[in-house]
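Reader: Please take me through the strand pairing and the chain composition of the structure shown below.

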Amino acid sequence: MNRRTLLRHAAQLAAAAALGSLPHRGWSALPRPDGWSASEEALLDAIGDTILPATPGSPGAGSVAIGRFILVMTADCYPPAAAEAVRRLLAEVAKRAQAAGSRLFPELPTAERESLLVALERQPPPARDGVAPWRHVKDLTLLGYFTAEAGATQALRYDPVPGAYRGSVPLRPGDRAWAT
Amino acid sequence: MSSHPTTPGARAHTYDAIVVGSGISGGWAAKELCEAGLRTLVLERGRDVQHLRDYPTALANPWDLPHRGRLPRALAQANPIARKCYAFDEATEHFFAKDAEQPYVQEKPFDWIRGYQVGGKSLIWARQTQRWSHHDFEGPARDGFAEWPITYDELAPWYSHVERFVGISGNRDGVEGLPDGEFLPAWEMNDAERAMAGRIEGAFPGRRVVQGRCAHLTEARPEHLAQGRGKCQSRNLCYRGCPFGGYFSSNSSTLPWAARTGNLTIRPGSVVESILHDDATGRASGVRVIDAATKAVTEYFAKVIFVNAACLNTNLILLNSKSRRYPAGLGNDHGLLGRHVAFHNYRGSLNASLEGFADSYYSGRRPTQPMMPNFRNVTRQETDFQRGYMVFFSAARRGWTRGQGAPGIGAKYKEELTRPGPWGIYMMMQGETIPRYENHVRLSANQRDPWGIPQLVTSIGYTENDERMIRDFLAQGRAMLEAAGARDIRATDDRRNPGLDIHEMGGARMGRDPRQSLLNRWNQFHTCPNVFVTDGACMASTGVQNPSLTFMALTARAARHAVDELGKGTL
């Protein structure tokens, strides 16, 4: 079998790839898990977009539906205590936003959102049943963003088929890290 | 018990050879027997997995996976054993047997990782392939715990035979304790690893750092292209199955090769219950099979039987093969069947950071890493423990995960995480354990699996020798990392259960003395010579090397012997 035949096989395989229940439009088209509102999801989007905002060359975490990702992961992959931790974090953020300017967190200017989360990171809500609310949401924000297509291909560099391994490559200024 | 088949129905179930299991050694048995012209039936307890067709996640990007590779909680909770395996994730779980499929009794904790499908664990192996040296074959007799009936020189041509077909990358390093083979070009070390290797070799004369040898096609030669396999693309998504055939598996290589002869029949969904012994002829006549789905019982017959069900299942089948002649299991006149099970000691590891090399990076994803051949007790006893260990290490720049648990918010934090991080080092041991009579498997007297077969009881544990070896490795590893210039060195004993190494070996060991072993120098039962065992169950000791290459070489050698003996009419 020559290389072209191999690549054709690979392409056929890609067409045939059946990835469980994943909808055609990807994971962000998965339904929002039961028990969560659109405004709670929007608040998570805003928190995620504050942790990882848009920068030159790549969008922020809010644009990869990070709120939906955090809710789906929390529901599917973590014990019930994690959902409770997310609720406690959202309540804490809402409370601090109110105290800061009697506004909703997503409506605050960027600098205020950042300083609110910096303060919250210094004094986060306590862990309960083994889940730390801030750490849970921040870790999932990083996972969701850097493994999303935009995060992997724009914030990082992604090469699905490198073809070879080179052990010594000069790192030039501005070179981004490999996504995988 | 049954005699040779004479009825028309039985004749339709009769082959020249039966191979139990389609994993890395069963695939080799099938290839060699089919090529020699034997009509061969391969029995596989799991489902069919066809190369290319049945690799559903092979080309998935990270964002294509609903949970980005993480395990959904229900899957994790249902598989407290399988999920411990480092390779078990959202993209690979379909190639691992689930805990509920085949219960067993852990008299002592043992994490039994299984792959039930055509191809077995050859789809999900770690693909590291090193030859044993004469030290590994002679050491157990020197240390008085086992005696190999073969020498390195006898196996060397079979290593070559296997290596050419499989495709093994590596350097010709000239290390006496780790013989060179038939190599494709080696993978490169990165700049940090190359520097570390030089510093370690300089500080510890006699110790060597070589690039790992692995079953990846760094170059596709005509014999590989003829198998339909191409060059490894450095994706390092191997555990999903490789659409390029870049690494060796039964599915990509030996089974389609065997099928091309026209002599191969593969029957998935076939749980082998026992081997049938004909007390009149003193030979095995065939095997009894329970259909995995319908539980219908069938029998198949052949002149020669290869048992390659993977170490513990091979032991289970043999122990369950009871006849008037062998009331305690096939060939088990001395009670040694299921005894002397050993494994590899992976408990010790170290993490560290390495300063410098800020302007150096790499590209592509490499399926192996540098390694150090055993430097303990090689030619004589030197330490307070017996035998030795191999060391693996790798250096890589940390990625975005360094931001998890680290403080930071906003654009500067994000931009920093998009750059390659500082260098981190991971070092681990792969230690030989000594087969002991007490470390054994046996059949449960009262608990049965879903097919009515007695459950396996595992009674396998560590010894003080293993504890001493771990302490030595952690001290030596620290000293070598310090010599290499590493900082922040953290040593860990993860106290993992035996089994998670997935290198279980023994139970039907080879030997010269029929009173001390089950199998002869050709992997035949001393007392039932038309049954061959050539998977991990045959091993009289474990060596420090990743074992699959040795299983393959032993299988090819035994298959040739079986064909020769059939030709002479002695089987």
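Author: The model is predicted. Within it, strand β19 of chain B holds B:Thr458, the bridge partner of B:Val441.

Reader: In what sense do β18(B) and β19 of chain B pair, and over how many bridges?

Author: Strand β19 of chain B covers residues 454-459. Its pairing with β18(B) is antiparallel, and the number of bridges is five.

Reader: Which strands lie at the edges of the open sheet in chain B?

Author: The three strands of this sheet follow the order β3-β19-β18 (chain B), with mixed pairing. An edge strand here pairs on one side only, and this applies to β3 (105-106) and β18 (440-448) of chain B.

Reader: Which helix of chain B packs on the sheet?

Author: The helix touches both β18 and β19 of chain B. Its direction makes about 60° with that of β18(B), and it spans residues 311-319: helix α9 of chain B.

Reader: Which residue in β17(B) stands opposite B:Ala352?

Author: Strand β13 of chain B, residues 348-354, has B:Ala352 on its covered face, along with B:Gly348, B:Leu350 and B:Leu354. Six bridges join β13(B) in antiparallel fashion to β17 of chain B, residues 423-432. Opposite B:Ala352 in that strand stands B:Ile425.

Reader: What is the bridge partner of B:Gly348 in β20(B)?

Author: Strand β20 of chain B, residues 486-493, runs antiparallel to β13(B), and six bridges connect them. The partner of B:Gly348 there is B:Asp493.

Reader: How many helices does chain A have?

Author: From the N terminus, the elements of chain A run α-α-α-α-α-α-α-β. Chain A therefore has, by the DSSP runs, one strand and seven helices.

Definitions and conventions. Residues are numbered from 1 along each chain as its sequence is written. Chains are lettered from A and ligands numbered from 1 in the order in which they are written. This is a predicted model: local features need pLDDT of at least 70, side-chain atom pairs count only at pLDDT 80 or more; totals for chains, interfaces and linings use all residues. Two strands pair if DSSP finds at least two bridges between them. Helices (H or I, at least four residues) and strands (E, at least two) are DSSP runs, numbered from the N terminus. Two residues are in contact if their C-beta atoms, placed from the backbone, lie within 7 Å. Axes are lines fitted to C-alpha atoms, for helices over the stretch in contact, and angles run from 0 to 180 degrees between N-to-C directions. A residue is buried if 20 or more other C-beta atoms lie within 10 Å of its own, exposed if 12 or fewer, and partly exposed in between; C-beta atoms are placed from the backbone.
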